[in-house]
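Let's take a look at this one together. Here it comes.

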Amino acid sequence: QWHHVAAVLRDDGSPTVDEILLYVDGQLQTPSFVNSQAVNTLNTNTLYIGAFDNNGTLQNFFGGLIENVQIYNRALNAEEIKDLAK
């Protein structure tokens, strides 16, 4: 079964993981944990989607299909995400 997943991070100058908003099928999700680890938005390393880079070794591969990945240079609002999830 396909799902639309969107993660939004508004860079307020000191972004942290607990500021990420997660939407599934256009609906904002309630986080089940809080982690205030800093997010380095200036990082220019390779971006991996569906795997984790552990010091040059890819691991924790996603066990499904990923299609139509889009990365924006701004934070989308809830209405924009609902429209994309249709």
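Tutor: Not counting residues up to four places away in sequence, threonine 16 touches Leu9, Ser36, Gln37, Ala38 and Val39 (contact means heavy atoms within 4.5 Å). Bear in mind that this is a predicted model, where local features need pLDDT of at least 70, side-chain atom pairs count only at pLDDT 80 or more, and totals for chains, interfaces and linings use all residues. Residues are numbered from 1 along each chain as its sequence is written, and side-chain values use heavy atoms, with hydrogens and water left out.

Student: Is threonine 16 buried or exposed?

Tutor: Buried means under 20% relative accessible area, exposed over 50%, and partly exposed in between, using a 1.4 Å probe and protein chains only. Threonine 16 has 16% relative accessibility, so the residue counts as buried.

Student: Which side chain does threonine 16 join in a polar contact?

Tutor: A polar contact is a pair of N or O atoms within 3.5 Å; within protein, one must be able to donate a hydrogen and the other to accept it, and residues adjacent in sequence count only if both atoms are side-chain atoms. Here the contact is 2.3 Å, and the partner of threonine 16 is aspartate 18.

Student: How many nonpolar residues are in the lining of the second largest pocket?

Tutor: Ala, Val, Leu, Ile, Met, Phe, Trp, Tyr, Cys and Pro count as nonpolar, Asp, Glu, Lys and Arg as charged, and the others, Gly among them, as polar. That lining has four polar residues and one charged, and the nonpolar count is eight.
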